[in-house]
Amino acid sequence: MSTETSNSESTDPSALLEFRQVNTHYGAVHILKDVDLAIYPGELVCLLGGNASGKTTTLKTLLGMVTPTSGDVVLDGEVVNNQPTSYRVANGVTMVPENRRLFKRLTVKENLMLGAYLRNDRDGINEDIEYVYDLFPRVKERLSQKAGTLSGGEQQMVAIGRALMSRPKVLLMDEPSMGLAPALVQQNFELIEKINNEGMAIFMVEQNANMALSIADRGWVLLTGRVILDDTAEALRANEDLQKAYLGGGSGE
Amino acid sequence: MTTLPSTLLLDWKRIFKWGPICAAALLFVSLVGMPIKLDPKSIISPLLSLGYVSLFWLPLIFGYIASSRVVLEGVETSKPGLSDLLTGVLTGAIGGAGLTLLMLGIENFDIRDPLINWSPQLLEVLAFGARDLNSAVWIGIGGALGLVGAALNVIPESLRRVVSYGSFTVLAVAIFEPALDDMSEGFRLEWLIELIFQKRGGLKLWPAIILASLIGLISVISKGKVKKAVAQYREQEGSQKKQTSYVLFGIVAVLGIVLPIFMGTYVNSLLANVGIFLLLALGLNIVVGLAGILDLGYVAFFAVGAYTTAVFTSELSPFFAPGMTWALSLVFVVILAALTGLIIGAPVIRMRGDYLAIVTLGFGEIIRLLFLSDFLKPYFGGAQGILGIPGIDLGFVYISGTDTRGIFYLVLFFCALAVYVSWRLQASRLGRSWMAIREDEQVAEAMGINTVNSKLMAFVVGAVLASFAGAIMAARVGSVFPNSFMILISIVILVVVIVGGMGSIPGVFVGAFVLIGILGGPKQPGLLQEFGSLKLLVYGMLLVYMMLQRPEGLVPSARRTQELHQEEFLQDSWLKGTDAEDEEQPVEGEEAQI
């Protein structure tokens, strides 16, 4: 037995975003139980789990919408437990919400600009908006259109673009394949992979385990608030239990 | 036997649907007492009074509705003709029959106990003053009006324009008679007023006809030009649009400054009323229209503004009477209104939607009850209120409460300030955060917007604007009473904002002028002072109609129109095949779930 505390065990100075023994409660209900996570620069990691396993709570805790009852959330080496969402967004975490949730009555441009709400560097914002245009040329064509009138695929692009506008270090994605037609799901994962290849660290929560693991570097599996598996994507795909539970009885490769 | 020609086949279903509805509407209007109450207001003297207009327009409208058809593109519809006219006639006649039955009923039964307008007086109005008029006449009148309504569908469009513009002008001129009368003195145009109006009120017959044909003619000549000009203005971009806006703004400003000089007491005080409500509505528009916070207790801030002014300026304030000038007290008004905004806002702001609306409703009443309470009577005078509030001393000029022109200028100044503030805020960072919160509060929070602070700011800005209105009102009336701040005021302001168009500054203007200027505020008479207590009914009907037919308001902000009519918009583009690009799947739904 080592004498080290659990805290220092998982401490890693190179991690962008870290959970150290995080517990959260909604009232008396214990949601996350001693969760340890770490996301490193340039990584694409995914968090798998069924319904009510605490995936969304994990994201909310990372973003500061839920405060942990014990344990630490560490952003870039700094404990940010008591910092509000705005602080965390300003310091490099952004979320692409489930179902995209654009501001439907606002134009695409306004949506993108709201992503950069906390920034004041006009040049930087312009630079980033050009970057988003480069990434998604179709978004540029739709700038003055109301976001609600876009097709599903375009909305996903705007949602990701909006998140990128805050110049994040880590992009959190809540169920990116939720509510998309099968053809779009594939396209969507290609998008995520593309952004990751540009060097962006991505933390993705997903029910579509097969798809997610096919592009991820690492993955965690959450079961009723506890991390039960933590491995490389490769290994997780080979894991038989997981195959049975999530991947449709090992019918794959 | 010969069958009827196909053009004479009547759509009986429509007739028996709209006819009885028309009859019911006529009965309702009669029993509510509109014909009696509005009879003194003459439109064309001595032929037509507003009371009869309130009856006549119904068969006309229903005749029009019953005979109009749904035109589908690509589907052959038979030409409008005789059968449509007959449909109109029958619909109107069924409606008129309702009134015939009513007259017979009044003659033979007495149920005046629940229905106070079931009276000989109503009978007299319905009989056009004649004693032994056959009640069946109304069937004929209804039929004739239905015919006119149906004819509007049949006649060519240009003629329809002439008729509708002409009659609306006559109606409008007659409604505006008191205002025109009042203004004529300033412009030295009394002779013109004498020429077209009767002494006892109402247009003279010939001037009415000439006026109607003149406007009808102009409407044909200017057809489409106004629309084009507006469209042109909308399409302008950047500096050009700015320029046009400045010119328009300049014209409005000059008019606002110059016109009151020519206006008499009546119009000035009417406009001051409109202005006070406009100021309130502009404030509420920020809260409801921009930030999406449904505040039903907005009158609280109006009350705080008025009471603060009363306490700080009146010598008769019971507890603390520094007797400041109005201008100086305004500083405290702003501070206290902002504080009240924070105090009420802080607990309320974390709630959403319906809950928030109900809690604000409660706070609105709490503030009034506090001023009314015995507990605070030593400070605010309880039900007796605070009297002896002096006029407005701005340092360089003194405006007494009865100086309607001065008050109007003051109101104008504060309205301009409110417009400027709303306009600047709309484009600001704060304004953007409000829009985001209104759209999706959770996502706004995830974008790093401090939603609590943003919403509190909306509350505070709205509170300060309302307190200005309160301060002016207090000085104008010279006294404040708790019961001047009933919940009804909150509702009326909200109706002004909704009818005008939420989030649209021009919309709020139109809403305030139409509702407060023409119908009148909760206690303030408007141009149609004959409406009296009926105006709340009209408010309600207007609100229901607007929600059903034009939820975006009279002058909508471009954003709302598109959202509310998006389905129609999408259907249209689908029909016209212009939207071929979007082949992808619709967004909603969860097809991809595994």
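**View 1. Chain A and its buried residues.** Buried residues make up 47% of the 253 residues in chain A; a residue is called buried if 20 or more other C-beta atoms, placed from the backbone, lie within 10 Å of its own, exposed if 12 or fewer do, and partly exposed in between. Everything here comes from a predicted model, in which local features need a pLDDT of at least 70, side-chain atom pairs count only at pLDDT 80 or more, and totals for chains, interfaces and linings use all residues. Residues are numbered from 1 along each chain as its sequence is written, while chains are lettered from A and ligands numbered from 1 in the order in which they are written. Chain A holds 11 helices and 12 strands; helices (H or I, at least four residues) and strands (E, at least two) are DSSP runs, numbered from the N terminus. Its C-alpha atoms fill a box of roughly 60 × 45 × 35 Å along the principal axes. A compact globule of 253 residues would have a radius of gyration near 18 Å, and chain A agrees, with 18 Å. That radius is taken over C-alpha atoms, and the globule rule is 2.2 Å times the number of residues to the power 0.38.

**View 2. A four-stranded sheet in chain A.** Follow the strands of this open sheet in the order S4-S1-S6-S7, with antiparallel pairing. Strand S4 (35-39) and strand S7 (78-79) of chain A stand at the edges with a single partner strand each, so one side of each has no neighbour in the sheet. Two strands count as paired if DSSP finds at least two bridges between them. Strands of a sheet pair through backbone hydrogen bonds, either parallel or antiparallel.

**View 3. Strand S1 and its two partners.** In chain A, strand S1 (residues 17-23) pairs with strand S6 (residues 70-75) in the antiparallel sense over five bridges. Look for A:Phe19, which stands opposite A:Val73 in S6(A). S1(A) also pairs with S4(A), again in the antiparallel sense, over four bridges. Here A:Leu17 has A:Ile39 in S4(A) as its bridge partner.

**View 4. The two faces of strand S4.** Which residues of S4(A) form the covered face, and which the uncovered one? A:Val35, A:Leu37 and A:Ile39 lie on the covered face, whereas A:Asp36 and A:Ala38 lie on the uncovered face. In a regular strand the side chains alternate between the two faces of the sheet.

**View 5. Two loop residues with a positive phi.** Most residues other than glycine have a negative phi. A:Arg101 is not a glycine, yet its phi is positive, about 45°. You will find A:Arg101 in the loop between strand S8 (93-96) and helix H4 (108-115) of chain A. A:Arg101 is partly exposed, with 19 other C-beta atoms within 10 Å. A:Thr224, also not a glycine, has a positive phi of about 40°. The loop that holds A:Thr224 runs between strand S11 (218-223) and strand S12 (226-232) of chain A. A:Thr224 is partly exposed too, with 14 other C-beta atoms within 10 Å.

**View 6. The domains of chain B.** Chain B is divided into domain 1 (6-226) and domain 2 (266-485), with bounds from an automatic or database domain assignment. The centres of these two domains, taken over C-alpha atoms, are 42 Å apart. Chain B has 26 helices and four strands, and 40% of its 594 residues count as buried.

**View 7. The nonpolar cores.** A nonpolar core is a set of buried Ala, Val, Leu, Ile, Met, Phe, Trp, Tyr and Cys residues joined through C-beta atoms within 7 Å. Which members of the largest core, of 175 residues, touch the most other members? They are B:Leu279, B:Ala281, B:Ile472, B:Ile493 and B:Val496. Helix H13 (residues 265-290) of chain B gives this core its largest share, 17 residues. Leaving aside neighbours within four places in sequence, B:Ile472 is in contact with B:Ile276, B:Ile407, B:Leu410, B:Val411 and B:Phe414; contact means that the C-beta atoms, placed from the backbone, lie within 7 Å.

**View 8. Confidence along chain B.** The pLDDT is the predictor's confidence in each residue, from 0 to 100. Chain B averages 84, and 91% of its residues score at least 70. Over residues 576-594 of chain B, the pLDDT is below 50.

Note on methods:
Two residues are in contact if their C-beta atoms, placed from the backbone, lie within 7 Å.
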